[in-house]
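Thanks for making time this morning. I would like to walk you through one structure, taking it piece by piece, so please have a look at it first.

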Amino acid sequence: MISDLDAQKTAKALILTLDGEEVAFEPGETIYEVAERHRREIPTLCYDERLEAFGACRLCIVEVEGIRNPVASCTTKAAEGMIVKTKTDTIEKHRKTLLELVASENRSVDVNQLSGYASQELKILVDRYDARTGRFAGKKSGTSNTKDKNPFILRDYDNCISCYRCVRVCAEREGDYAINVMNRGFNTQIITEFNNDLRDSECTFCGQCVQTCPTGALGDRKALRDSDTEGEIRKTRTICPYCGVGCSVDMLSKGDKIVGVQPAMDGPANEGALCIKGQFAFDFIQNADRLKKPMIRREDGELHECEWEEALDFAAAGFAKVRDKFGRHSVYGIASGRAPHEAAYTMQKYIRATYGTNYIDNCSRA
Amino acid sequence: MSNPLADMEKPDVIFAIGTNMTECHPVAATRLKRALTNGAKMIVADPRKTRLAKMAHLHLPIRVGSDVALLLAMAHVIQREGLIDASFIEARTAGGDEFLEHIKRFTPEWASEICEVPAADIEKAGLIYGQGNPSAIYYTLGITEHICGVDNVQSLCNLALMTGNLGIEGGGINPMRGQNNIQGAGDCGAVPNNFPGFQACDDPASVEKFSRLYQTEIEPKRGITKVTALDLCGKGIHGMIIDGENTVVTDPDKNHCEHALKSLDHLVVIDIFLTETAQLADVVFPATAWGETDGVQTNTERRVQRLRAAVPPVGEAKPDWWIVSEIAKRMGTPGFDYESAKEIFNELCELSPIYAGLDWDRIEDSEYQWPVPDKNHPGTPRLHEGEFKNGRGKFTVVGYRDPAEVISKDFPLWLTTGRRLEAYHTRTQTGRSAGIEYLLSHESLEVHPDDAKSLGLTHGGMAKMASARGEIEIEVKVTDMSPKGTVFTSFSFANVPVNILTGSGYDPVTQTAELKVCPVRVTAV
């Protein structure tokens, strides 16, 4: 049986024709959003689903019956009864030409995958459309900023295609407005206020501009240190270890080496955002200072490395001795607010089950 | 947080107090910035002109430690202007009459004297918060690290209760947790008053339950806090095990703390580096770090999420749980034959009602926020919807108290401490990450230009800063980020051990240290 509510929904359903197929859409959706839901794989370069649609790259153009020129699907709202074609020969030819033009402005479309989350977008499209023809070789836009020596963000604007995703993510998502666009056309340049280094701007080095750049013009300088390290890049989904927000990240590794971090666009706490710590402060993990073996304090009063068995026996014997001498209320446990649940759980269980007390706390009081 | 992070984009009015969110929780702050873009109004109460304060419609640079006075006067204005939610108070709260009578005395003019901000601004803050629909409160350690930390929190609860801003989308009371798994440490029962899942240590049924599960008789009363334990070191406490905390640098009154740990007969430290605290230990165990450890952590919105190992551990490092279990086994304690983090997490879920609907496999996609009472439950993004866990939301009658120490002729400036964006805690991690130094190479003391002038301090010059407990040297940064009469620094750099100075007092209930207020004297070197 159809309920009243269902009947209303059916009555109000908005329909358009997508490549000959009738599909429903919600009020306010763009043609691009409807087409993506139906897996049309419309190419884009200036699009990032977290940002306001911009309509600059023109790759997402589609034909709409009754409109003479193709329209940008990312900025055109779907309308009742629209007849849309996403992949005609003409459209595909336009797209290839656009990609040839874009590629012609850059020093290279092949950039290292470690550059950033979206860094392969241009390369993938250029290959998909077989657009390495060199037809438009000549004038370039954007000049790499080689004077900004910050250790995090490569500013290789020779590979900039003026999609403004960096400028938009900084403004719309971060609210920092650290960078903007100077000049237009071939003279376009992404700069900070007064063209200073990023350090002297409102930039917080959250790395969002790097991760949304579709060409690797902005690159993750820390990850790129491992460009030549052997091994495939592996991504492991985990959670940032700093504050309590709990941002989802993909940790990048090659072999046994951690080489970088990228934000998880589907992380529920962060939805693709990170800060400088989560983005760039990961290499403490494999720092030379890490403790590698247990240590015990010997007769000379100094800590010395030893084997696990000896250290564990020594630790347990020490607690047994204290308990036997001073009673069960003489031992106290402090769990970490940094280590995972399993650490805190076993610590409290150790105290409660061994001593029968609640002499347990964590570092939340300081 | 009573409300999910996603709600931070939805308030009509944001009241941020004691939180330097753009530096300490930058990703959460991006949501507030979007709320502002969408037209939300923001009140920021913070002595310092933080980035958040600069974005606010109203910034109240209150004197450190005067929060209760501000909040009482805001409540006064809300009542006087008829902005209370009478039906919410009637239906869902207790103690409202007494509270509403209590606040009649506390006018903005009264609070203005204590908070050192104009009465008109306090009036305005009350009006804006009271008129918001909804209004949301965000706070951090600027509220809790005071001798009146509990009073501060309860004052915020009073505001939310009297205006009905609890249990609704875009509202609530939202403490931002400062450490990745400080929420989880509490969830797991690593506190002296609760077993795992917040089952009280003085509740006979819970004591019986855990005594049975852990095969030993657990005493039916709360344990002492870490603060008390440190005070008792060598005088009752003789053995201690510390996991992943650089106690001597993060805790107040560094000299006292160091002395305490040195007076133990047996100190075991588990960490990833040989921290200042580990250097005092009798045994140091190398733990696996982030990226090397499988496990679980809970974020500030109670979201239970999986940590996954990406690479093998450095050296012979082992997971913390394995180390603790091996010690327990050697002491003959039963129940530590764990072979994986999964086994331990599933045990936690089985005996914690708030985690009852969870297990290792169900949290794969980070979709649950506790409480999740059973396997069919979708989780609880928003607390207090429809009803409070304990029946009614209780108003608390609180009064203003001065900080443990107040400024005097000898110590005429207020010192307040905090974090900086680029550094985390004692820099054991960020200090060992390449590049951070480019942005933050050393510590400095933020001093208002007028104070710098009257004290003869120069930007980039050195100063001596002393409190009743000690003295440190620090570089001066002249900036109007600090209000006149108040100086600021962080506790990140070991060569500027600011916690030699702090430690004037503790909240009597939580024993949280008053790290946010410390009278000092600053002199040019």
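This is a predicted model: local features need pLDDT of at least 70, side-chain atom pairs count only at pLDDT 80 or more; totals for chains, interfaces and linings use all residues.

Let me begin with chain A, where the domain assignment, which is automatic or taken from a database, gives domain 1 (4–87), domain 2 (101–280) and domain 3 (295–365). Residues are numbered from 1 along each chain as its sequence is written, and chains are lettered from A and ligands numbered from 1 in the order in which they are written.

The centres of domain 1 and domain 2 of chain A, taken over C-alpha atoms, are 28 Å apart. Their contact takes 10 residues from domain 1 of chain A and 16 residues from domain 2 of chain A, where contact means C-beta atoms, placed from the backbone, within 7 Å.

Turning to strands (DSSP runs of E, at least two residues, numbered from the N terminus), chain A has an open sheet of 3 strands in the order β10-β11-β12, with antiparallel pairing, where pairing requires at least two DSSP bridges between two strands. β10 (233–239) and β12 (257–263) of chain A are the edge strands, each with a single partner, so one side of each has no neighbour in the sheet. Strand β11 (residues 248–254) of chain A pairs with β12(A) over 6 bridges in the antiparallel sense, and D250(A) stands opposite Q262(A) in β12(A).

Note on methods: Two residues are in contact if their C-beta atoms, placed from the backbone, lie within 7 Å. Helices (H or I, at least four residues) and strands (E, at least two) are DSSP runs, numbered from the N terminus.
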